[in-house]
Amino acid sequence: MTSNFALGIDIGGSGIKGAVVDLTAGDFATERLRIDTPQESTPSNVAAVVGEIVSHFADQLGDGPIGITVPAIVQHGVTLSAANIDPSWVNCPAEKIFEEALGRDVVVVNDADAAGVAEVGFGAAKGHPGLVIVTTLGTGIGSAIIHRGVLVPNSELGHLEIDGYDAEKRAAASARERESLSWDEYVPRLQRYYETVEFLFSPDLLVVGGGVSKKADKFLPRLKLRTPIVPAQLQNRAGIIGAALLAVDKSAHPGAPR
């Protein structure tokens, strides 16, 4: 395959999903393959499943690049945290482990960063020339900061302290479910969160992803912000597409720090 194709793999707490991505079209070039995340989700066990996915797409991928998302902070290929996966990922040389297991180069990225890159490349913020902040409202709050198309990695804006609370404890979609909040009760929490992000970063566009974004009409029109705020478009494809995009970027700039 040409450099317009790459394999994206999205590692989650319950499933590991992969597909070859056509980076000209900005969409899957194959059917997505999903395999359950191992119950003991250590790096070596997860790498074995990733190997199955890579083998499955071997004919379509050829020697194309591979991008892998993880629910963790990733600095220079090392995972510094672990969300919904085994604690052994903390301070783990994940990129090296995957490369040794697969026998080829990969790029490992934070899952929210990958989703953000995808939304700027092909989704709700496609071609935006300014500062875009993408947030994912789910179990926690993931975030990605992209300025003029360039990712500023590992922003972790779900952990801003707001009114004495870790922001995601009150504003994540899981908080709404856990506390059985009505939209009238939940929207003020989102307002407080997004007005704080707006004050701190003065973005040109806010994009809201995560499963709750399918109900964006219930809350986005009620937020009072200077910044335009829109729902994400790529939904559960974003991580895979973003991972593929970042893999191609790495192959084009092999010496760049990441």
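This is a predicted model: local features need pLDDT of at least 70, side-chain atom pairs count only at pLDDT 80 or more; totals for chains, interfaces and linings use all residues.
Local features need pLDDT of at least 70 and side-chain atom pairs count only at pLDDT 80 or more, while totals for chains, interfaces and linings use all residues. Residues are numbered from 1 along each chain as its sequence is written, and side-chain values use heavy atoms, with hydrogens and water left out.

**View 1. The tilted pair of Trp89 and Phe98.** Rings of Phe, Tyr and Trp (its six-membered ring) pair if their centres lie within 6.5 Å, with planes under 30 degrees apart counted as stacked, over 60 as edge-to-face and the rest as tilted. By this rule there are four aromatic pairs. The centres of Trp89 and Phe98 lie 6.1 Å apart with the planes at 40 degrees, so this pair is tilted. Both Trp89 and Phe98 are buried (under 20% relative accessible area, 1.4 Å probe, protein chains only).

**View 2. The stacked pair of Trp183 and Phe219.** These rings are 5.7 Å apart centre to centre, with 10 degrees between the planes. The pair links distant parts of the chain, 36 residues apart, since Trp183 belongs to helix H7 (residues 183-201) and Phe219 to the loop between strands E14 (205-209) and E15 (229-231); helices (H or I, at least four residues) and strands (E, at least two) are DSSP runs numbered from the N terminus. Trp183 and Phe219 are both buried, and ring pairs link Trp183, Tyr186 and Phe219 into a cluster.

**View 3. Arginines over ring faces, at Tyr165 and Trp183.** A charge sits over a ring if NZ of Lys or CZ of Arg is within 6 Å of the ring centre and within 35 degrees of the ring normal. Arg170 lies over Tyr165 at 4.8 Å from the ring centre, and Arg176 over Trp183 at 3.8 Å.

**View 4. The mostly covered helix H4.** Of the 12 residues in H4, 10 are buried, among them Ala112, Val117 and Phe122.

Terms used: Buried means under 20% relative accessible area, exposed over 50%, partly exposed in between (1.4 Å probe, protein chains only).
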